[in-house]
Amino acid sequence: MNEPRTMPPSPRMSFFRRPIMNTLPCREASPEDIFKYLISDYAKAATEELRTISDPKARSRYKAANFDYITPAGLFKSRKETDLILPSGYIVIDFDHLQDPSGLVIRLASDEHFETVLAFRSPSGDGVKWIVSLPDIPKTDGTPLTHGDYFTMLSNYSLKYYGIQADPSGKDICRACFLPYDPEAFLNPFYIEDNFDYDITRFLSTAAR
């Protein structure tokens, strides 16, 4: 892992205000914008409240009503596949019901085969959202891989190397990614675009063990 350095503007994704029924984005957001949102107190109260709800259906309803979200795969006019304006080159992989979500965030931060853009605990607390920058890998016939192809690749990879199954809903390019409060989220330092002071010591020291 490298030390933070200022980079040109990174690809953007669409940001949507809650509830999930709102399918029209309010602005574009960079990975750094999302990271700042995650570590701020903005979603802290909603995240803490969600984690007190034991009933799965009630928890899903609360999350849908109270959490802002993004479409990591790109910019959209509205949250549907046919309204994609510009792909970001990112994909989000969801992992649910983990024994050690914080530990997985640290492992993903230093993944050697794929470039992790962001990694953070899910709103429920027992899952992880893994946002990956897609490598430029063509098919054998020279045509580009689809979003679904990349999802299959990363799903197989995560099962083989981490022993965890990805949520199959991630295959949808317009997949919504809810934004919780996570003060220990990881942002790849190559996606810092300004003079934001970001300490990645925790990830560096842990990964080195």
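The legends below describe an overall view and several close-ups of a predicted model.

Residues are numbered from 1 along each chain as its sequence is written, and side-chain values use heavy atoms, with hydrogens and water left out. In this predicted model, local features need pLDDT of at least 70 and side-chain atom pairs count only at pLDDT 80 or more, while totals for chains, interfaces and linings use all residues.

View 1. Of the 209 residues, 47% are buried, meaning under 20% relative accessible area, whereas exposed is over 50% and partly exposed lies in between (1.4 Å probe, protein chains only).

**View 2. E193 and R12 meet in a salt bridge.** Such a bridge is a side-chain nitrogen of Lys or Arg within 4 Å of a carboxyl oxygen of Asp or Glu, and here the distance from N to O is 2.8 Å. E193 sits in the loop between strand 10 and helix 6, while R12 belongs to the segment before strand 1, 181 residues apart.

**View 3. D194 pairs with K36 in a salt bridge, with the closest N and O atoms 3.3 Å apart.** Because D194 lies in the loop between strand 10 and helix 6 and K36 in helix 1, the pair ties together parts that are 158 residues apart in sequence. D194 is partly exposed at 35%, and K36 is partly exposed at 31%.

**View 4. K139 and D149 form a salt bridge, with the closest N and O atoms 3.4 Å apart.** K139 lies in the loop between strand 8 and helix 5, and D149 lies in helix 5.

Technical notes:
Helices (H or I, at least four residues) and strands (E, at least two) are DSSP runs, numbered from the N terminus.
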